[in-house]
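Welcome! Here are a few exercises to work through with the sequence and the 3D view open beside you. Try each task before you read its solution.

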Amino acid sequence: MRYTSTRNNKTDVTAAKAIATGISPEGGLYVPTELPILSATAIQELVPLSYKERAARILSRFLGDFTVEETTACCEAAYGDRFDTPAVAPVVDLGEGRHILELWHGPTCAFKDMALQILPHLMRVSVQKTAPGQKIVILVATSGDTGKAALEGFRDAPDTRILVFYPVDGVSEMQRLQMITQEGDNVGVCAIRGNFDDAQTGVKALFTDDEVISALEKNGMRFSSANSINWGRLVPQIVYYISSYCDLLAAGSIAMGDPINVVVPTGNFGNILAAYYAKRMGLPIAKLICASNKNRVLTDFFETGVYDCNRPFYTTTSPSMDILVSSNLERLLYHLSGENSEEIAGLMAGLKNDRKYAVSPAVKAQMDNLFAAGSADDALVEETIQQVYTDKGYLLDTHTAVAVAVYEDYRAKTGDTTPTVIASTANPYKFTPSILAALGGAEAEKPYDQMQELQAKTGWAIPAPLAGLNVKEIRFTDVCGNDTASMQQTVYRLLDMA
Ligand SMILES: *Cc1c(COP(=O)(O)O)cnc(C)c1O
């Protein structure tokens, strides 16, 4: 299994190289040159296996230069006992063909754990193969969920340091508490004055600063990235779509070969792209349904074939989907263009220069065939949370509620009642104030008291990682400026290089 680049299809690298470096030198994203095919027999063989065993079978097909033992050890370390259910990603039946795939049973209660629990292990093996002896410094700018999930994934990973910058006023109180109480001997967290874009710009500047790079090199270290353009974050996400199909087979909800639809609350397009890869591998997926919040750049794109970021940016109750540039879309377009990297380089130049591009009629025709898309605003999200809780006793988080709302609209409009898997991306307690608002309003003011209130109201248990937060030791209280010099100083200090 080899990998090439979306912007230069003469590139030819191994899986280890793609994961260790993250992005191709000319700025393209690594993609597999062919996809492993899953026969009905191969799917059937996965049914009796545990999640980590299913993961090992599937990932082995993608990680050509890993030994089976290496891949199995990565899956064991990630999915062995770090999730609060042995099912890892259980499927809940909401009736009449609606199935919720719960992706938030990991240590930070959001779906980012599904990939960020295994990425550190994949990266360690990849670095051993491609740059032995080097220590990796993971640098993250976060608006909340990714930072915490990356810290939890990389904490105490051998030969690795992880540093996270977050905007001082740009994350929720819960998210801040989660990060500043982070345990582990190799972690560092610092707030920066400014917003998420400032944090992101500062981190990007450090990544490419020759002085910083050579200072690190003298200490046997080099930067790497844990963000969702790394193939090592995408490939583990293919597993849970295949796993959910196996669970539906085991439950008798479908028979082998029956089609399913998949609905994904989408931001950077990583999660739904993984479902597309599962389909290409032969998993019987009929429609891929892309759900957006009020930032409906993707909905408009699937309707018109024009991707246009020249529009207002809205802050919504589903913040992890507040995105205008969905980076992983580039991979989909590469495949739909017939692996035409010149065409993709052209589109991405358009995005950079004009913040917009239009795909060819041939690509648009395939998009129509594969995808449906829709959007839901905050009011509809509230109504959906309330209604699903009243009707089914099931508590949706705000992101999952976007997906459910878009799905119900799709189903009503098309009459398509194909059994459907809806990706659920966060535990509702991560967004307690919005959930309480949907259920009639909050009495308590403090975030911690609000969780107690939600628990008393619904009987849903507060997840353990959030329950203990208010008594954990606060470790990281620093705030630094958003200029490169301040951030560089912070990095040196956190790496003990100052
Ligand atoms: C990151 C995230 C998303 C968006 O996923 P993408 O892969 O970026 O499309 C949706 N919901 C939650 C809760 C997230 O944390």
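**Exercise 1. Find the order of the six strands in the open sheet with mixed pairing, and work out which of them stand at the edges.**

Solution. Start by tracing the sheet from side to side: the order is β4-β5-β15-β10-β11-β14. Keep in mind that you are looking at a predicted model. Next, look at the two ends of that order. β4 (91-95) and β14 (371-375) each have a single partner strand, so one side of each has no neighbour in the sheet. Finally, turn the view to see the twist, which averages 25° from one strand to the next.

**Exercise 2. In which sense do β10 and β11 pair, and over how many bridges?**

Solution. Go to residues 260-265 for strand β10 and to residues 285-292 for strand β11. The two pair in the parallel sense, over five bridges. To see one of the pairs, pick valine 263 and look across to β11, where its bridge partner is isoleucine 289.

**Exercise 3. Describe the open sheet of three strands.**

Solution. First write down the order, β2-β1-β3, and note that the pairing is antiparallel. Neighbouring strands here are turned by 40° against each other on average, direction ignored. Now zoom in on strand β1 (residues 3-5), which pairs with β2 over two bridges. There, tyrosine 3 has valine 13 in β2 as its bridge partner.

**Exercise 4. How are helices α13 and α16 set against each other, and which residues meet?**

Solution. Find α13 at residues 297-304 and α16 at residues 361-370. Their axes are 8 Å apart, and the packing angle is about 115°. The two helices are therefore roughly perpendicular to each other. Now list the contact: Phe301, Phe302, Glu303 and Thr304 in α13 meet Lys364, Met367 and Asp368 in α16.

**Exercise 5. How many residues surround the ligand, and which are the closest?**

Solution. Count 15 residues around the ligand, the closest being Lys112, Gly267, Asn268, Asn271 and Thr425. Then look at ligand oxygen atoms. One is 2.7 Å from a polar backbone atom of asparagine 268. For phenylalanine 269, the distance from a ligand oxygen to a polar backbone atom is 3.1 Å. With aspartate 145, the side chain takes part: one of its N or O atoms is 3.3 Å from an oxygen atom of the ligand.

Notes:
Residues are numbered from 1 along each chain as its sequence is written. This is a predicted model: local features need pLDDT of at least 70, side-chain atom pairs count only at pLDDT 80 or more; totals for chains, interfaces and linings use all residues. Side-chain values use heavy atoms; hydrogens and water are left out. Axes are lines fitted to C-alpha atoms, for helices over the stretch in contact, and angles run from 0 to 180 degrees between N-to-C directions. Helices (H or I, at least four residues) and strands (E, at least two) are DSSP runs, numbered from the N terminus. Angles under 35 degrees count as roughly parallel, over 145 as roughly antiparallel, 65 to 115 as roughly perpendicular and the rest as oblique. Contact means heavy atoms within 4.5 Å. Two strands pair if DSSP finds at least two bridges between them. A residue is near a molecule or strand if one of its heavy atoms lies within 4 Å of it. A polar contact is a pair of N or O atoms within 3.5 Å; within protein, one must be able to donate a hydrogen and the other to accept it, and residues adjacent in sequence count only if both atoms are side-chain atoms.
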